[in-house]
Amino acid sequence: MSIDHRSDRPVYLQIADELRMQINSGEFGPGAKLPSEATLTAHYGVTRLTVRRALAVLAAEGLTESAPGKGVFVRTVAPVMRLGNNRFSRAARREGKGAFAAEAERLGLEWQQEDLELVTVDMPPQIRDVLGEDRAVVKRRRMILAGTPTQLADSYLPFSVADVIGYAAGNTAPGGVYGLLEQHGHRIARFREEIRVRPATPEEAIALDLPYAAPVAALVRVAIDQDGRAVEYFDSVAAGDKHVYVYEFDAPDD
């Protein structure tokens with residue numbers, strides 16, 4: 001592709017467009033090294049500053065990463081995690097699998113969960129309003145898919161519930177926290193989810209190995225038992241380029 005200097009599109013964006021196309025087509029596959037700044041400068045007949053601006057666009061999009069002294073490489077992206085309605089099935093819990101494990105195994109992917117913290121906290125106002133108590137037990141963890149960190153997940157349980165079922169003491173059950181809740185009479189009747197897309201905070205970018213301010217999906221899920229009580233507030237941040245959320249539901253009659 002030659003640069004069109006008559007175009008309204010800036011030259012550095014035209015260069016970024018071509019490199020992006022080459023990455024998406026597989027010409028430069030995951031882990032491949034892009035041509036050096038000097039090579040790109042000569043190829044396009046532009047200044048090194050223009051090339052650097054083009055490469056910065058690709059880095060901001062999460063397509064590339066730099067290795068000091070080595071060059072710019074196409075990011076190796078973990079396989080996409082498809083999260084559908086059936087990830088909360090009781091069949092999976094009977095097999096001893098939580099939602100993340102069930103989905104990863106369905107896709108044939110290796111997975112790992114890092115438990116970071118299990119503590120009792122004063123609830124932030126937005127969580128207190130949902131769970132109806134002042135204190136909660138929260139388990140913080142990081143999910144790793146195919147060797148790549150993909151999600152940060154915090155599960156808040158009302159203290160009165162967590163204490164009775166042993167969650168505060170670190171008790172577990174087949175099927176994760178929902179299996180533990182159902183063992184103690186809190187049959188999960190429904191879920192409510194809210195997803196927002198936003199830039200990662202610096203701390204989230206470090207934990208998920210993402211470029212600065214890369215897009216993440218911030219998902220909040222509330223689990224509600226047979227009595228209509230909210231028994232879990234799930235607060236997660238997932239790498240935007242590694243997740244596709246898929247939902248299937250009946251069309252309403254009215």
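**Figure 1. Contacts of Glu-114 in a predicted model.** In this predicted model, Glu-114 touches Arg-140, Arg-141, Arg-142 and Ile-144, when residues up to four places away in sequence are not counted. Glu-114 lies in strand β4, which spans residues 111-122. Gly-175 is 61 residues from Glu-114 in sequence, and their C-alpha atoms are 16 Å apart in space.

**Figure 2. Ala-239 in strand β9.** Strand β9 covers residues 230-239 and includes Ala-239. The relative accessibility of Ala-239 is 0%, so this residue counts as buried; the cut-off for buried is under 20%. With neighbours within four places in sequence left aside, Ala-239 is in contact with Thr-150, Leu-208, Leu-210, Pro-215 and Val-216. Arg-142, one of the residues touched by Glu-114, is 97 residues from Ala-239 in sequence and 12 Å from Ala-239 in space, C-alpha to C-alpha.

**Figure 3. Packing of helices α2 and α3.** Helix α2 consists of residues 37-44 and helix α3 of residues 48-60. The two helices pack at an angle of about 110 degrees, and their axes are 9 Å apart. α2 and α3 are therefore roughly perpendicular to each other, the range for this class being 65 to 115 degrees. The crossing of α2 past α3 is right-handed. On the α2 side the contact involves Glu-37, Ala-38, Leu-40 and Thr-41; on the α3 side it involves Arg-48, Val-51, Arg-52 and Leu-55. By residue type, this contact of α2 with α3 has four nonpolar, one polar and three charged residues.

**Figure 4. Packing of helices α1 and α3.** The axes of α1 and α3 are 8 Å apart, and the helices pack at an angle of about 50 degrees. That angle makes α1 oblique to α3. Their crossing is right-handed. α1 contributes Val-11, Tyr-12, Leu-13, Ile-15, Ala-16, Leu-19, Arg-20 and Ile-23 to the contact. From α3 come Thr-50, Arg-53, Ala-54, Leu-55, Val-57 and Leu-58. The residues of the contact of α1 with α3 comprise eleven nonpolar, one polar and two charged.

Figure 5. In soluble globular proteins, nonpolar side chains tend to be buried together. The largest nonpolar core here has 20 residues, and Ile-15, Leu-34, Leu-55 and Leu-58 touch the most other members. Two or more residues of this core come from each of α1 (11-25), α2, α3 and β2 (71-74). α1 gives the largest share, six residues. Leu-34 is in contact with Phe-28, Leu-55, Leu-58, Thr-64, Val-72 and Val-74, leaving aside its neighbours within four places in sequence. Another core, of 14 residues, lies apart from the largest one; among its members are Ala-162, Ile-165, Val-177 and Val-231.

**Figure 6. Helix α5 and the residue Gly-108.** Helix α5 runs over residues 99-106. Its buried residues include Phe-100, Ala-101, Ala-102, Glu-103 and Ala-104. Gly-108 follows α5 and has a positive phi, near 75 degrees.

Notes:
Residues numbered from 1 in each chain as written. Predicted model: local features only at pLDDT ≥ 70, side-chain atom pairs only at ≥ 80, totals over all residues. Heavy atoms only, no water. Helix = DSSP H or I, 4+ residues; strand = E, 2+ residues; numbered from the N terminus. Buried < 20%, exposed > 50% of the residue type's maximum accessible area, 1.4 Å probe, protein only. Contact = heavy atoms within 4.5 Å. Axes fitted to C-alpha atoms, helices over the stretch in contact; angles between N-to-C directions. Parallel < 35°, antiparallel > 145°, perpendicular 65-115°, else oblique. Left-handed = near helix turned anticlockwise from the far one by under 90°. Nonpolar A, V, L, I, M, F, W, Y, C, P; charged D, E, K, R; others polar. Core = buried A, V, L, I, M, F, W, Y, C linked by side-chain atoms within 4.5 Å.
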